[in-house]
Amino acid sequence: MAPADRTVAVLAYPGMSVFETGIVTEVFGLPRPELGVPWYTLRLCAERPGPVPLIGGAGLHSPYSLGDLAAAKTVIVPGVPDVHGTPSPALVAALRRAHRAGARVVSLCSGAFALAGAGLLDGRRATTHWRYADLLARRYPQVTVDPDVLYLDDGDVLTSAGSAAGLDLCVHLVRLDHGVAVANAVARRLVIPPHRDGGQAQFIEAPVTTGPDDDRIAGSLAWASAHLSEPLTVARLARQAHMSPRTYLRHFARATGTSPIRWLIDQRIRSSLALLETSDAPVTEIAAAVGFDTPVTYRHHFARTMRTSPSAYRRAFRADGDATTTRATGPGDGRRNGPPGQGPGT
C-alpha cells in the first residue's frame, strides 16, 4: 500500500464501549516493524475534537475530527450509541464524502446502523449483531440483512457481526492489503485463528466445548488440514472422529456452524493463496496441491470465494506487493454449496 493509502480512521462517540475500538487499535494501531511491510496510520476521530466520555466513566481525548475521518482511506464505525436513533447530519456527510472519495467504509456490530443511515447500504447485503438484525431490516428495508454470518465484504463497504466478529473482519482487511502471511502473523500475535470464514454462523447453540465428541471433531479438522491434498469425504472425516457419517455431520454443524463441504472448500482456497503469492507454480499444480479434483473446479470455487480468478489474484498481489485490488467475499454469493453433484472431495 502507498503511504497515503494506509490511514485508518475509527469513529469515537460519547458512551462508546472500548472493546470494538480496541479491536481496531490492536490490529491497525500497533506498530509492527517485524512484519517488514508499511503499516497503517490509525486516527480516532470524534464529531467534535476533544474529550469523549466512555462507558464506565473513563474518557479519551481526540484531536481528530470528522474531516479527518472523511479523508481516510479506510473508515471504521465500531458501533452507534443508540440503534433506535439516527446518525447526525455531520456524520452522514462525512461517511458519504469518504465513500465518494473511494474510501473503504467498514462497520463493526451496530455500526451498520450508521452506514445504513448514510444510505451506504442501500441495495446491498449487510450484517450486524444477530440481536439487532431484525431491527436493521425493519428500519432500512432497502438493505438486505443477513443475520447468519460473521462478516460481509462488498468491496468498498464491509460489515461485521458483533464484537469478536469485528476482529475477524479487521484481520480480513489486513489479508486483503498485505496477503495471507502477514495476516496470519497478526492473527498469531492476537492468539486467534488465522481465518474464520465470513459465512460462518454468528450464533451457535452448542459451540465446541471440552467433551469427547467435540475433541474428536477438533481432531478431525486438524487431521484434514494436514491432508488437504488428499480426497476427503464426510465418511473419511467421520472415520477419523470415530463416528458414523450422520453423527459426524450433526456434531460438525453444532460445533462449527457450517458444513464439512463448506469448511473444506474454504480451507483449500485459503491454503492456495499463499502458493499463489509466493510461488510461480502453475494454477493446475496449485489446484492439485490443495486437493481440488480439477483446475476447473478450483477456479470455480476460487471465483465464488474471492471474486476474482487465481491468475488475477496472483497478478494483483504481486503488483508492487499490493493486493488491494483483490476482494474476498462474504457468504451468500452462491458458495454455500458447490456445483451440482460435488461433495467434500472436490
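A: Buried means under 20% relative accessible area, exposed over 50%, and partly exposed in between (1.4 Å probe, protein chains only). This is a predicted model, in which local features need pLDDT of at least 70, side-chain atom pairs count only at pLDDT 80 or more, and totals for chains, interfaces and linings use all residues. Residues are numbered from 1 along each chain as its sequence is written, and side-chain values use heavy atoms, with hydrogens and water left out.

Q: Which residues of helix 10 are buried?

A: Helices (H or I, at least four residues) and strands (E, at least two) are DSSP runs, numbered from the N terminus. In helix 10, the buried residues are Y248, H251, F252, A255 and T256. They lie on the same side of helix 10, because they cover an arc of only 105 degrees around the axis (taken from the directions from the helix axis to the C-beta atoms). R246 and R250, on the other side of helix 10, are exposed. Just after helix 10, G257 has a positive phi of about 75 degrees.

Q: In what order do the strands of the open sheet run?

A: Strands of a sheet pair through backbone hydrogen bonds, either parallel or antiparallel. Two strands count as paired if DSSP finds at least two bridges between them. Here six strands form an open sheet with mixed pairing, in the order 2-1-5-6-10-9. Strand 2 (41-46) and strand 9 (151-153) are at the edges with a single partner strand each, so one side of each has no neighbour in the sheet.

Q: How many bridges join strand 5 and strand 6?

A: Strand 5 (residues 74-77) and strand 6 (residues 104-107) pair over four bridges, in the parallel sense. I76 has V106 as its bridge partner in strand 6.

Q: Which strands does helix 3 touch?

A: Contact means heavy atoms within 4.5 Å. Helix 3 (residues 89-100) packs on the sheet and touches strand 1 (7-12), strand 5, strand 6 and strand 10 (157-160). Helix 6 (residues 164-178) also packs on the sheet, touching strand 6, strand 9 and strand 10.

Q: Which residues have the most contacts inside the largest nonpolar core?

A: In soluble globular proteins, nonpolar side chains tend to be buried together. A nonpolar core is a set of buried Ala, Val, Leu, Ile, Met, Phe, Trp, Tyr and Cys residues joined through side-chain atoms within 4.5 Å. The largest has 41 residues, and L69, L95 and L121 have the most contacts inside it. Beyond its neighbours within four places in sequence, L69 contacts A9, V10, L11, C45, V75, A94, L95 and A98.

Note on methods
Axes fitted to C-alpha atoms, helices over the stretch in contact; angles between N-to-C directions.
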